[in-house]
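Please read it alongside the sequence and the structure shown here.

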Amino acid sequence: MFTHTHVNDNHATADEIIRCEKLTKRYTDGDILAVDRLDLSVYHGEIFGLLGPNGAGKTTTVGMLTTLVIPTGGKAIVAGIDVVAQPALVKQMIGVVSQTNNLDRSLTVWENLYYHGRFFGMNAREARTAADESLVRFRLAERGKADVMAISGGMAKRLMVARALLHNPSVLFLDEPTAGLDPQARIALWEILEKLHAEGQTILLTTHYMEEADALCDRLAIMDHGHILAMDTPKNLKQSVAADTIVTVSASGDLDALARLLQEQVEGATRSQRLDTTIQLHVKGVTGVLPKVVAVAEQGGYHITDLSVAEPTLETVFINLTGKELRD
Amino acid sequence: MATIASPANRTARPTRSPGAASRIAFGALLLRDLTVLRKNLGIFVARTIIQPFLLVFVFLYVFPEIGQGIGGGSGLAGESAFAAVLVSGVVGLSIMFQGIQAVALPLANEFGYTKEIEDRVLAPLPVSLVAIGKVLAGAIQGLIAAAIVFPIAYAIHARGVEVHLDVHWVLLITLIPLTSIMTSSLGLVLGTRISPRNIGMMFGFIVLPITFLGGTYYPWTTLSAIKVGGFPWLQALVCINPLIYVTEGFRAALTTQSHMPLYVIYPVLVAFCILLLWLGVRGFYRRVLS
């Protein structure tokens, strides 16, 4: 069991560490409803992901939970503290890694950690020790004296994670942690997050990479236009598609008619959907489906230009929910 | 891998009261700013000295040496009188510049594309204290600037030109902190209201008028000679300029020359402090929170 001893007066269950109730943000500038009555719970020790395209409201949600965005409605409780009522207190409990490199350019790599420790109440000796240990832990020890502008993007991100963790936060927030990183740096960061997860660190991250959400997260909320469309484990979300094979078809001619034709005539087809230039056909419980698709299409007078099969992914789930692809 | 944050020792509740955490964080923010100042001490001193040095060098050394009359054309006596005017003006101006350079310029950058300020905004204290910390750090730089500039302004002048100063310590000791806070609050206002790409315009349209119409080169009392239809319009107009109260204050503190009454200078400086600090903190909120 977890080491929670307090009874929470904010109606959160004991190991619930983030709770949003009808959390809403409407920007008066342009009258944009960025987040619309969001209900969300994140539990102690889990990696929770907000998955969705740009503009879905993920960053605004994280902003509200980290005191930088003021909600226009609803409630957010983090570590038992009302974010709107006591922002300064919440800040003791959270670590935040923002999307952009916001390292202090006037300070060195080591100093970024040291002063962060001081902000959070460490004395000089404690902060020095914590900064030293953190540099080793995040494989930055050789660059301690470097200017933060002189280190690579991957290192800068690691330093931001190191800094956010220096004061032992209850929740670590990461906004698009691997956006703009090269594949190697991305994998290195995933390993760090998995290690933190194994140590029991609660993490909330946002991403628009479905592979990242799939690989890292215990639970996911799929977001679009300020709403949560689905929330579950990646496995359950993929199973909700009710298909074991996804066929993607590119062809000439009337794609809408072809989509209908394929669903009617291909054995085991559970759903077909026309996207921009392709058709997605969901098939369940049938092997050797490709020849059947080709046969049906050619009998109907269509010329297939490309064809591929895959297992359902979170992308499929997203398409199912929104009718559009995640990556535009 | 050393384990710093194991689940067992990870905080489940805030370890400090909001007041204690704020106090500690506020001190650490100042420490950070002073560290940055120490790292850039050479540049700080150079940029503090350059303008007063040039002003004093040209007006109090070059002009008298080449016989270019200044100070009412009454020869060395006029030049000596002007020297006293200029010394008080230069000290005031330096504090003013320091406020803008120490607060407005770094803030404009930190708010800009880099959002560097974010980690400090996320420190466990109210956002308003982060802004006030910036002002305080800027004010400390203003104090240091005053200490550096004063001897320069006093020492550099041509032979025959005498700088007669008559220091009123009570005024000096109260004015330097007051004006330092006022000018770094102005820096906070400018830094939070002006976007980084417009920072060049700030110098042209705000800093230059403040400098030239701020009583650096002339006592405010003498402006009464400039009239339209019997109305001393320039003397009235410059009253909106906060620098005029700074330079007049230093004139009162450092010379025996006529100056704006102290019962005007002090209340107006305090009022400017409050107004600019309030505007600055509001601007800061608007920039870091949405």
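A:G323, which follows directly on α11(A), has a positive phi of about 75 degrees. Helices are DSSP runs of H or I with at least four residues, strands are runs of E with at least two, and both are numbered from the N terminus. The model is predicted: local features need pLDDT of at least 70, side-chain atom pairs count only at pLDDT 80 or more, and totals for chains, interfaces and linings use all residues. Residues are numbered from 1 along each chain as its sequence is written, while chains are lettered from A and ligands numbered from 1 in the order in which they are written.

- Helix α11 of chain A spans residues 314–322, and its buried residues include A:L314, A:V317, A:F318 and A:I319.
- A residue is buried if 20 or more other C-beta atoms lie within 10 Å of its own, exposed if 12 or fewer, and partly exposed in between, with C-beta atoms placed from the backbone.

**Contact between chains A and B**

- Chain A contributes 37 residues and chain B 40 residues; residues are in contact if their C-beta atoms, placed from the backbone, lie within 7 Å.
- On the side of chain A that touches chain B, two or more residues come from each of α2 (87–90), α3 (109–119), α4 (124–137) and α5 (153–165) of chain A.
- α4(A) gives the most to that side, with 5 residues.

**Largest nonpolar core**

- This core has 175 residues, and A:V78, A:V171, A:F173, B:L86, B:V87, B:V90 and B:V91 touch the most other members.
- A nonpolar core is a set of buried Ala, Val, Leu, Ile, Met, Phe, Trp, Tyr and Cys residues joined through C-beta atoms within 7 Å.
- Helix α3 (residues 75–111) of chain B gives the most to the core, with 20 residues.
- Beyond its neighbours within four places in sequence, B:V91 is in contact with B:A146, B:V149, B:F150, B:A153 and B:F250.

Definitions and conventions
Contact = placed C-beta atoms within 7 Å.
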